[in-house]
Amino acid sequence: MMRTSPIILLVLFVATPALHANPEFHRFIVKNSGRSVDCALCHVNRDGPEGTGPGQVGHLTPAELEKLGRARAALAPGMKPESPILNLFGNHIINSIGKQKFAELRLAPEQLAKTLPKDSDLDHDGIPDAQEYLDGTHPLMKSDGRPWLLFKNNLRTNLLQILLATGATVIGLFGLRHLLNGFAIAVNTDENDEDENKEQHP
Amino acid sequence: MSVKEAIKNVESYVGERFPVEKMNYASMVQKKEVPVHQLSWGYYIGGLALFLFIVQIFTGLMLLFYYQPTVSDAHASVEYITEHVPGGALVRNIHSWASSMMIAAVMIHLLTTFAMKAFARPREITWITGVVLLGVTFMFGFTGYLLPWHQIAVNATKIGLQTIEEIGQYLPGELATWPRAIKETIQGEASVGQATLSRFFALHVIILPLSIAAMLGIHLLSVQLHGMSAGVDEAPKRKEKFFPTFFLKDLKVWGVAFLVLFILGLCVPFESFFAYPLFSPFDPKGSTPDGIKPEWYFFWVYYPLELLPFWMIMLGQVVLGAVLVATPWIFQNTNRRAMRLLAVAAGIYLIVMTLFGENIYHLFKG
């Protein structure tokens, strides 16, 4: 009989899957990007809106429930919903396309990226939110993005600092070379003087 | 053998490895020469590992000003460093990149030293301290991984500690209880929690740095006393002075490494290679994201562990450890060509398992 590795058992034990708020979008992102995502992409709570934890419906105060009701009625774009269960990106989606369009896109989640504003970059990491949605990276985390895209953008942004650091390193090494060469010459000169003295006064 | 003879043998053994007459500036620096040949690049890797360790100390000290080693505040303090402390993201990123680069440098250093047969008499102590340094470096990685207290950190640590406990089932009698006792000692409580974090923090910032400093002291003293080993069978056509010629070249390598680190630290967040849910704060009641695995430098043992029987991998680890420690005696008569082939084979295995370990795992397990 095959023995299951205790490590696999442990991983299975701890890896309890979360219930996703919008499984169509979740499935599309995972398939398209090859990255695992959770509800924290659009929601406050990474386990989704259902439950009693922070950012979940069961945890909301009466005032927040009222806000939630208003946000759920934001069927048209531009109604500035402030849903307490959605994060900035989630509210941004509903504000950009409206709740009705969002519900329609459940049948074609790949279309969501095309409907989002092209120039919107909520975390200012240089990668548009629509691209981050397709890549499965978080649109509100500056440090999360495709490494190559982040590299290109950050290189452009920090070019001056990189040039200054390169210059400082080159100048530092140049100075050190002369300092150490000078030190070595001085030590050798002292040694030669000592040898000469020994020869003259054995 | 009489006691007097035994003492004399020990004295002569230690005297050959640590010759007092060579412990002076002239022998260790001024007159020291470095052979120049096709494998000379290997001489710079050890220095590079040292440089990366120095970077780790400096960046680690800076992180210490803000890091809070408590389960309630650890993740928030790391986020605070990254989001709000001026230059905090850069320092933390350099610390992460340098840790990976240091482990890579130490592994390459071990392989090149092995290939060059640089452990031969009288350099056995240099080799053994090097093997211990490799182990300590891995422990640095393992203990440091837990400190940010996010999902991947805690869950990967749980798996690592569980592995220690599993060894017990293959040990006889009273020995079988030892791994569990070791695991509980490291863990400090029933599950990975505050006691574990406190212990890992103490290990990471005090015990391991002191251990590495002591080992590094002996290692470097030994290197300076005996000089660089010839490295190749044929006599080197040329030698260069250690000071200042080789030392300056070493500094240039350090300069390039600094620039690479600076650019990586500034432009590529280390965490961008992983899915973001892995870096959410650890919540024992919440769901666990997919993709929990150890750092890349443990893949060479992690994926085989997932594919093969546990006892086989543990036995392999014990044999590998014993062979590494006894290398100066096991391979004392092996020629350098064979050593190079062995080192290349080991290097290929490490690269393949690191880059394609996951693919290999899916190939066999579906």
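Predicted model: local features only at pLDDT ≥ 70, side-chain atom pairs only at ≥ 80, totals over all residues.

1. Which residues form the contact between H5(B) and H13(B)? From H5(B) come B:Met107, B:Leu111, B:Phe114 and B:Ala115. They meet B:Arg336, B:Met339, B:Arg340, B:Leu342, B:Ala343, B:Ala346, B:Gly347 and B:Leu350 in H13(B). By class, this contact of H5(B) with H13(B) has 9 nonpolar, 1 polar and 2 charged residues.

2. A second pair in chain B consists of helix H6 (residues 124–146) and helix H12 (residues 310–330), whose axes lie 9 Å apart at an angle of about 165 degrees. H6(B) and H12(B) are therefore roughly antiparallel to each other, and their crossing is right-handed. On the side of H6(B), the residues are B:Glu124, B:Trp127, B:Ile128 and B:Val131; on the side of H12(B), they are B:Leu324, B:Val325, B:Thr327, B:Pro328 and B:Trp329. The contact of H6(B) with H12(B) comprises 7 nonpolar, 1 polar and 1 charged residues by class.

3. How are H3(B) and H10(B) set relative to each other, and at what angle do their axes cross? The axes of helix H3 (residues 42–64) and helix H10 (residues 242–267) of chain B come within 10 Å and cross at roughly 50 degrees. H3(B) and H10(B) are therefore oblique to each other. The crossing in which H3(B) passes H10(B) is right-handed.

4. The contact between H3(B) and H10(B) includes B:Tyr43, B:Tyr44, B:Phe51 and B:Val55 among the residues of H3(B). The residues of H10(B) in this contact include B:Phe246, B:Lys249, B:Asp250, B:Trp254 and B:Leu261. By class, the contact of H3(B) with H10(B) has 14 nonpolar, 1 polar and 2 charged residues.

5. Most residues other than glycine have a negative phi, and most peptide bonds are trans. A cis peptide bond joins B:Arg121 and B:Pro122, with omega about 10 degrees; B:Pro122 is placed in the loop between H5 and H6 of chain B. A cis peptide bond also joins B:Phe243 and B:Pro244, where omega is about 10 degrees. B:Pro244 has its place in helix H10 of chain B.

6. A:Lys80 is found in the loop between helix H3 (62–72) and helix H4 (88–104) of chain A.

7. Finally, how many residues of each chain take part in the contact between chain A and chain B? In chain A, 46 residues are in contact with 46 residues of chain B. About 3900 Å² of area is buried between chain A and chain B, and carbon and sulfur atoms give 66% of this area. The count of salt bridges between chain A and chain B is 0.

Note on methods. Residues numbered from 1 in each chain as written. Chains lettered and ligands numbered in written order. Heavy atoms only, no water. Axes fitted to C-alpha atoms, helices over the stretch in contact; angles between N-to-C directions. Helix = DSSP H or I, 4+ residues; strand = E, 2+ residues; numbered from the N terminus. Parallel < 35°, antiparallel > 145°, perpendicular 65-115°, else oblique. Left-handed = near helix turned anticlockwise from the far one by under 90°. Contact = heavy atoms within 4.5 Å. Nonpolar A, V, L, I, M, F, W, Y, C, P; charged D, E, K, R; others polar. Buried area = accessible area lost by both parts, 1.4 Å probe. Salt bridge = Lys/Arg side-chain N within 4 Å of Asp/Glu carboxyl O.
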